Amino acid sequence: MNKKKLFAVPFVLINSVVILAALFKGLQISLGYYPLIGLNQLTLANYRQVLSDPFFQKSLGYSCYLALTATFLSLLLGIGIAFLLLKVKSSWLHKIIGLPISLPHIIVALMIMQLIGQSGIISRVCFQLGLIKEIGHFPLLIHDSGGFGIIMVFLYKEIPYVAVTTFAILQQLQLGYIEVAKNLGASTLRIFFTVILPMLQKTLITLFIILFCFTFASFEVPYLLGNPSNQTVALTVYDLFTQADLTTRPQAFALNLVMSGICLVITVVALTISRILPGGRRIS
């Protein structure tokens, strides 16, 4: 073992102990063993209760809708911007596109609220220009049932992240294959799907996993910009955990582990698909 790996061992051990201890404690409570409130028997009742609850099922569907929409749009638009950066050699453009990455999500959420809220900047400008008769006539884009404001925050943060990451990979690719394909008469579309996309596949799958898991489990953005009638899974967990009645704590832990399990399943499925696609096959 080289020195670099040896120095990483204490860090890995400490983090592993903390994560495994928290996971064990959460699993223990979710299975009904919570002596603090007199629960001493292991049971799957908490999992059955949260999985059969219509409100949780609605929260799960809403969370998946937000995560998948934001993730796919971020990947599509981010890849497009990455190719733009590859053609436009401007350091200022690179800095401007990379700027949102450094901003916390909660700051971006407040920015979006001030920008597209019914009393925000755009609605006031529209009112001054006579496009709307009252500020209240401006479309409801914040706290709406469709989660438009939430998706806008995720896109503002994630598109630059995808663009910068993909651009860094594009610079390292063996672009000679593209020239060969052009000389053989391949169209631009065919080159993209048969040459470029397989080269980017592993990076895009990794980005998909990171973005989906983050947006699926996000708390602060839906908390600030979400609609009370459409809660995400993270907000449902928070509500259960913060209730004065401690008997809801096991349900909160069960729901939290279900959420983690969904992220794990999505990760495994994405990696499996990646192995099947051309970019994941090994050439013998």
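This is a predicted model: local features need pLDDT of at least 70, side-chain atom pairs count only at pLDDT 80 or more; totals for chains, interfaces and linings use all residues.
The largest pocket holds about 870 Å³ of space. Its lining is made up of 27 residues, and I79, F83, F192, I196 and L197 lie nearest its centre. Helix 3 (54-87), helix 8 (176-183) and helix 9 (188-216) are the elements that each give two or more residues to this lining. Helix 9 supplies the largest share, eleven residues. By class, the lining has 21 nonpolar, three polar and three charged residues.

Let me turn to the aromatic rings. There are eight aromatic pairs in the model. In one of them, the ring centres of F72 and F208 are 5.6 Å apart with planes at 45 degrees, so the pair is tilted. F72 belongs to helix 3 and F208 to helix 9, so this pair ties together parts that are 136 residues apart in sequence. F72 counts as partly exposed, at 46% relative accessibility, and F208 counts as buried, at 14%. F208 also pairs with F212: the centres are 6.0 Å apart and the planes at 20 degrees, so this pair is stacked. Both residues lie in helix 9, four residues apart, about one turn of the helix. Together, F72, F208, F212 and F216 form one aromatic cluster.

Finally, where is T232 placed? T232 is in the loop between helix 10 (220-225) and helix 11 (233-241). At 2% relative accessibility, T232 counts as buried. Leaving aside residues up to four places away in sequence, T232 touches S59, Y62, S63, L66, S218 and P222.

Definitions and conventions. Residues are numbered from 1 along each chain as its sequence is written. Side-chain values use heavy atoms; hydrogens and water are left out. On a 1 Å grid over the protein atoms alone, a cavity is a set of points where a 1.4 Å probe fits but cannot get out, and a pocket is an open set with protein on both sides within 12 Å along at least five of seven lines; lining residues have an atom within 4 Å of a point. Grid points are joined across faces, edges and corners, and a volume is the space filled by probe spheres set on the points. Ala, Val, Leu, Ile, Met, Phe, Trp, Tyr, Cys and Pro count as nonpolar, Asp, Glu, Lys and Arg as charged, and the others, Gly among them, as polar. Buried means under 20% relative accessible area, exposed over 50%, partly exposed in between (1.4 Å probe, protein chains only). Contact means heavy atoms within 4.5 Å. Rings of Phe, Tyr and Trp (its six-membered ring) pair if their centres lie within 6.5 Å; planes under 30 degrees apart count as stacked, over 60 as edge-to-face and the rest as tilted.
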